[in-house]
Amino acid sequence: MHTTVGIIGGGPAGLLLARLLYNAGIDSVVLERKDRAYVEQRQRAGILEQATVDVLRSAGAGARLDAEGMPHDGIELRFDGRAHRVDFPSLTGGRRVWVYAQTEVVKDLIALQLADGGPLLFEAEVHAVEGADTDRPVIRYTHEGREQTLTCDYVVGCDGFHGVARDAVPDGVRTTYERTYPYSWLGILADAPPVYDELIYAHSEHGFALASMRSPSVSRLYLQVPNGTDPADWSDERIWDELDARFAVTANPGWRLKRGPVTAKSVLPMRSHVTEPMRYGRLFLAGDAAHIVPPTGAKGLNLAATDVIVLARAFAQLKETGSTELLDAYSDTCLRRVWRAEHFSYFMTTTLHADPEQSSFETKLQLSQLDRVATSTHAAAELAENYTGLSLDVDS
Ligand code: APR
Ligand code: PHB
């Protein structure tokens with residue numbers, strides 16, 4: 001089999017890229033190692049920036065998002081017994097975000113691709129990319145028990161943090177920047193209506209907590225827990241008690257979450273990672289294959305989307321004009337935005353979590369920073385601009 005663009009991985013990056021290429025008249029094949037049900041059920045984050053919403057709409061994947069997605073005009077910060085709302089539109093010239101689960105984005109893109117896109121193969125596990133520095137790179141994979149090869153004009157590794165595409169970049173070419181954090185998140189889904197209008201990010205002496213949602217009747221909640229935590233050690237009651245303690249506001253002592261049956265429970269590690277460059281020869285890396293952010297800044301899915309927007313534009317330029325100018329600029333174009341998101345995610349993470357080694361001095365610095373956001377329009381605008389997403393025009 002031969003294709004113009006071989007895409008490894010059917011997560012949001014790979015699926016959106018396939019859709020954008022299809023709309024530009026460029027053929028591609030997506031190889032996804034898991035089965036469809038697995039990919040569609042995997043629980044991930046759920047905040048979409050305006051630019052991500054815009055591209056999904058223009059790609060034809062906006063119908064359910066517009067019907068079921070929940071626009072949000074701010075977030076609430078809780079710290080030191082206080083509650084403070086950061087209003088996005090007034091601080092950013094009108095920008096907002098949407099709550100729409102990544103898993104729903106994935107379902108919408110899969111349905112479109114299977115209805116009228118190029119091939120999307122499930123249970124197709126890629127083992128290696130060969131000849132990335134030649135004119136005819138090859139993807140080796142197993143499908144239906146048989147070893148297969150896909151020759152390509154270009155290969156895009158959208159295979160996430162645990163994928164294989166990154167390994168095709170030789171050690172001497174690749175530089176990795178990394179940080180792991182001394183805490184994880186315990187995430188739950190609960191059949192309980194969210195009793196809060198905005199997402200709540202809480203700093204507390206018990207550690208960080210986040211209240212998000214999936215629908216008017218389903219809450220998505222997270223708690224900071226030690227690395228290595230077994231979710232089985234956290235009974236539902238312990239989780240709810242701990243969440244209420246972390247969200248407590250002095251002026252409103254009766255405030256409680258609405259409780260309901262917990263339908264999913266899992267522990268997520270927190271990591272920052274960037275691989276440079278994001279291109280080697282005819283191999284491009286996009287999304288989590290190239291960079292990871294801790295979820296506190298809600299940037300992972302949006303970074304994946306912007307990578308593939310930049311890449312799809314570059315492939316369209318190549319097709320229309322024969323120029324590789326945008327393809328050649330891909331890595332630099334993306335990395336500028338990636339590092340901004342890395343910084344913001346690091347800032348949110350280290351400002352809101354309790355590091356087990358942290359001194360009382362450092363706790364005071366965190367509280368001072370949060371107080372600054374709550375009292376300075378400049379500090380709040382800096383947060384709001386980063387949270388809602390910086391302009392797609394990275395040269396401005
Ligand atoms: N062969 C084929 N597919 C693979 C292989 C392989 N060897 N290795 C991994 N994959 C698939 C995974 O099964 C997964 O479906 O690649 C896909 C990668 O998808 P994601 O991990 O969702 O990464 P990405 O599409 O870049 O999306 C980034 O995901 O982790 C979240 O917070 C992150 O929201 C961000 C988003
Ligand atoms: C989520 O809804 O899953 C979510 C929201 C905001 C975050 C992380 C996760 O920062």
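I sorted the lining of the largest cavity by class and got three nonpolar, four polar and four charged residues. My classes: Ala, Val, Leu, Ile, Met, Phe, Trp, Tyr, Cys and Pro are nonpolar, Asp, Glu, Lys and Arg charged, and the others, Gly among them, polar. This is a predicted model, where local features need pLDDT of at least 70 and side-chain atom pairs pLDDT 80 or more, while totals for chains, interfaces and linings use all residues. Residues are numbered from 1 along each chain as written, ligands from 1 in the order written, and side-chain values use heavy atoms without hydrogens or water.

I listed the lining next; E49, K299, N302 and R337 are among its residues. A cavity here is a set of points on a 1 Å grid over the protein atoms alone where a 1.4 Å probe fits but cannot get out, and lining residues have an atom within 4 Å of a point. The largest cavity holds about 120 Å³, as the space filled by probe spheres set on points joined across faces, edges and corners. I noted that α8 (300-321) and α9 (325-352) each give at least two lining residues. Helices are DSSP runs of H or I, at least four residues, and strands runs of E, at least two.

Then I turned to ligand 2. Which side chains put an N or O atom 2.7 Å or 2.6 Å from an oxygen atom of ligand 2? I found Y201 at 2.7 Å and S212 at 2.6 Å. P295 uses a backbone N or O atom, at 2.7 Å. The protein buries 100% of the 280 Å² that ligand 2 exposes when alone, by the Shrake-Rupley method with a 1.4 Å probe.

Terms used
A polar contact is a pair of N or O atoms within 3.5 Å; within protein, one must be able to donate a hydrogen and the other to accept it, and residues adjacent in sequence count only if both atoms are side-chain atoms. On a 1 Å grid over the protein atoms alone, a cavity is a set of points where a 1.4 Å probe fits but cannot get out, and a pocket is an open set with protein on both sides within 12 Å along at least five of seven lines; lining residues have an atom within 4 Å of a point.
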